[in-house]
Amino acid sequence: MAKKQLTLKGILLRVLLYLVVIVVCIVTLYPYFAMFCTALKSRAEIFSMNGTILPINALWSNFIDIWSRAPMANYMLNSLLIAGGSTLIAMLCGIPAAYALARMKFKGQTAFLGFVIVSQMFAPVVLLIGIYKVMSILSLTDSILGLVFINAAFNQAFTIWLLRGTFMGISAEMEQAATIDGCNRIQGMTKVLLPVAAPGIVTTLIFIFINAWNEYTVALCLISTSEKEPLTVGINVFNGYNMIEWQYLFAASLFAIIPVVILFMGIEKNLVSGLASGGVKG
């Protein structure tokens, strides 16, 4: 009897878990569903008093029209350059720093870790005036390269902190064994540590890319030439002074989601293990 009760209890808990997951998925995905439906509507239907969520006459041409109404391809290329360049620089600088913090002992290590944590508290908008002055001195305003450096800098602390936890979760004896086999410290890191830490590295990479891809405020203030605008800023072309073209704005926003979705699909297997390994030790 007790075994049947436990079985029944387990079934009820599983059903409850599935219901919670379904509700969370519906709440999370509903805004995207509403965006998709609105992107298929005409302007008259969007502003109609008797409108519905689902489009009455789906206009798939809206997804094609945005490419002629705005330089979408140029916006997406700029965003890819900014996000990709920022990710590359942040990883190239973050991996050695995280390795040093995880494997070496030096004076001021605790203070440096504290500085890394504190630097995460400053949002770009708080430092916007200072950022603009620095970029002006370096002649990097209205420059894609300037946005690459800024996004890399603001993601550096997150990169170091997460990768440090990942490296500390990996036994140092593996690198010591490689040293006995004739490898130096750099070879031990590149040939032994980094392959084992791949899930954490991939997880860090995807979060840096997403943060740089979604950045809006700094790009809006620094970029003054429409040809150099990233996608987050460029789609404001559909946000006019007199009327917002919601169907085109949402269609462009859906295209902006595609690269991030593709990245998530590519690293899905490494995501959970990477987050877990990054939080092993702090």
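Predicted model: local features only at pLDDT ≥ 70, side-chain atom pairs only at ≥ 80, totals over all residues.
**Exercise 1. Is Asp142 buried or exposed, and where does it lie?**

Solution. Asp142 lies in the loop between H6 and H7. Its phi is near 55°, a positive value in a residue other than glycine. The relative accessible area of Asp142 is 15%, so Asp142 is buried.

**Exercise 2. Describe how H10 packs against H4.**

Solution. Start with the geometry. Helix H4 (residues 72-103) and helix H10 (residues 185-196) pack at an angle of about 100°, and their axes are 12 Å apart. H4 is therefore roughly perpendicular to H10. Axes are lines fitted to C-alpha atoms, for helices over the stretch in contact, and angles run from 0 to 180 degrees between N-to-C directions. Angles of 65 to 115 degrees count as roughly perpendicular, under 35 as roughly parallel, over 145 as roughly antiparallel and the rest as oblique.

Then list the residues. From H4, Ile95, Tyr99 and Arg103 meet Arg185, Met189, Leu193 and Leu194 of H10, where contact means heavy atoms within 4.5 Å. By class, this contact of H4 with H10 has five nonpolar, no polar and two charged residues. Ala, Val, Leu, Ile, Met, Phe, Trp, Tyr, Cys and Pro count as nonpolar, Asp, Glu, Lys and Arg as charged, and the others, Gly among them, as polar.

**Exercise 3. Describe how H10 packs against H11.**

Solution. The angle between H10 and H11 is about 70°, with their axes 4 Å apart. H10 and H11 are therefore roughly perpendicular to each other. Leu194, Pro195 and Val196 in H10 meet Ala198, Pro199 and Ile201 in H11. The residues of this contact divide into six nonpolar, no polar and no charged.

**Exercise 4. What lines the largest cavity?**

Solution. A cavity is a set of points on a 1 Å grid over the protein atoms alone where a 1.4 Å probe fits but cannot get out, and lining residues have an atom within 4 Å of a point. A search of the whole structure finds one cavity of 30 Å³ or more. The largest cavity has a volume of about 60 Å³, a volume being the space filled by probe spheres set on the points, which are joined across faces, edges and corners. Its lining includes Ser79, Ile82, Leu147, Asn151 and Trp213. H4, H7 and H11 each supply at least two residues of this lining. By class, the lining has six nonpolar, three polar and one charged residues.

Notes:
Residues numbered from 1 in each chain as written. Heavy atoms only, no water. Buried < 20%, exposed > 50% of the residue type's maximum accessible area, 1.4 Å probe, protein only. 1 Å grid on protein atoms, 1.4 Å probe; cavity = no way out; pocket = protein on both sides within 12 Å on 5 of 7 lines; lining within 4 Å.
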